[in-house]
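Here is a short briefing on one structural model. Look over the sequence and the coordinates first, then read on.

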Amino acid sequence: MYANKERNEARLVLVTVGYIDDSKEMQTALFDKMEGYLSHIQSEEFKRDYPQPNVVIEVDFNETPSQITFVNLYACYGWCESCGAKLCVYVEEKPLTITKDENGNYHVHFD
């Protein structure tokens with residue numbers, strides 16, 4: 001967690017190590033951590049320590065995770081936004097965006 005004064009933002013970084021598979025345990029651990037970050041940014045302590053108006057939750061994968069991880073992360077864009085944060089996802093240090101088409105298919109786009 002750090003403040004980026006140039007961008008006037010607070011950034012919480014969740015770094016994964018190794019392959020994130022589609023097991024219930026792995027998915028639960030990842031999204032429990034995300035939930036913890038989102039709860040923390042709502043706290044008075046966080047708001048006092050990081051008064052920046054912009055909050056970013058950054059998730060960094062050092063390997064491309066399973067497809068179900070991308071599906072689950074797609075839902076997190078709205079979850080983060082509703083908590084006052086922006087979600088940024090990186091795979092192997094490359095920023096990406098996850099979209100869903102009209103047929104319900106998920107797509108990963110490297111920015």
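Is E63 buried, partly exposed or exposed? E63 is partly exposed, with a relative accessible area of 35%. The cut-offs are under 20% for buried, over 50% for exposed and in between for partly exposed, with a 1.4 Å probe and protein chains only.

This is a predicted model, in which local features need pLDDT of at least 70, side-chain atom pairs count only at pLDDT 80 or more, and totals for chains, interfaces and linings use all residues. Residues are numbered from 1 along each chain as its sequence is written, and side-chain values use heavy atoms, with hydrogens and water left out.

**E63 and its surroundings**

- E63 sits in the loop between β3 and α3. Helices (H or I, at least four residues) and strands (E, at least two) are DSSP runs, numbered from the N terminus.
- Beyond residues up to four places away in sequence, E63 touches G18, Y19, V91 and E92. Contact means heavy atoms within 4.5 Å.
- Q42 and E63 are 21 residues apart in sequence. Their C-alpha atoms are 30 Å apart in space.

**The sheet**

- An open sheet is formed by 6 strands, in the order β1-β2-β3-β4-β5-β6. Its pairing is mixed. Two strands pair if DSSP finds at least two bridges between them.
- β1 (2–4) and β6 (106–110) are at the edges. Each has a single partner strand, so one side of each lacks a neighbour in the sheet.
- From one strand to the next, the twist averages 35°. Angles run from 0 to 180 degrees between N-to-C directions; axes are lines fitted to C-alpha atoms, for helices over the stretch in contact.
- Strand β5 (residues 94–100) runs antiparallel to β6, and 5 bridges join them. T97 has H109 of β6 as its bridge partner.

**Helices on the sheet**

- Helix α1 lies across β2 (9–15), β3 (54–61) and β4 (86–91). The direction of α1 is at about 160° to β2.
- Helix α3 also packs on the sheet, where α3 touches β3, β4, β5 and β6. The direction of α3 makes about 85° with that of β5.

**α1 against α3**

- Two packed helices are described by the angle between their axes and the distance between the axes.
- The axes of α1 (residues 24–41) and α3 (residues 67–82) come within 11 Å and cross at roughly 15°. That makes α1 roughly parallel to α3. Angles under 35 degrees count as roughly parallel.
- The crossing of α1 past α3 is right-handed. In that case the near helix is turned clockwise from the far one by less than a right angle.
- On the α1 side, the contact is made by Q27, L30, F31, M34, E35 and L38. On the α3 side, it is made by I68, T69, N72, L73, C76, W79 and C80.
- These residues divide into 9 nonpolar, 3 polar and 1 charged. Ala, Val, Leu, Ile, Met, Phe, Trp, Tyr, Cys and Pro count as nonpolar, Asp, Glu, Lys and Arg as charged, and the others, Gly among them, as polar.

**T69 in α3**

- T69 lies in helix α3. T69 is buried, with a relative accessible area of 0%.
- Outside four places in sequence, T69 contacts I20, D21, Q27, L30, F31 and F61.

**Positive phi**

- Most residues other than glycine have a negative phi.
- N8, not a glycine, has a positive phi of about 55°. N8 is in the loop between β1 and β2, and is partly exposed at 37% relative accessibility.
- E93 has a positive phi near 70°. E93 is in the loop between β4 and β5, and is exposed, with a relative accessible area of 77%.

Notes
Parallel < 35°, antiparallel > 145°, perpendicular 65-115°, else oblique.
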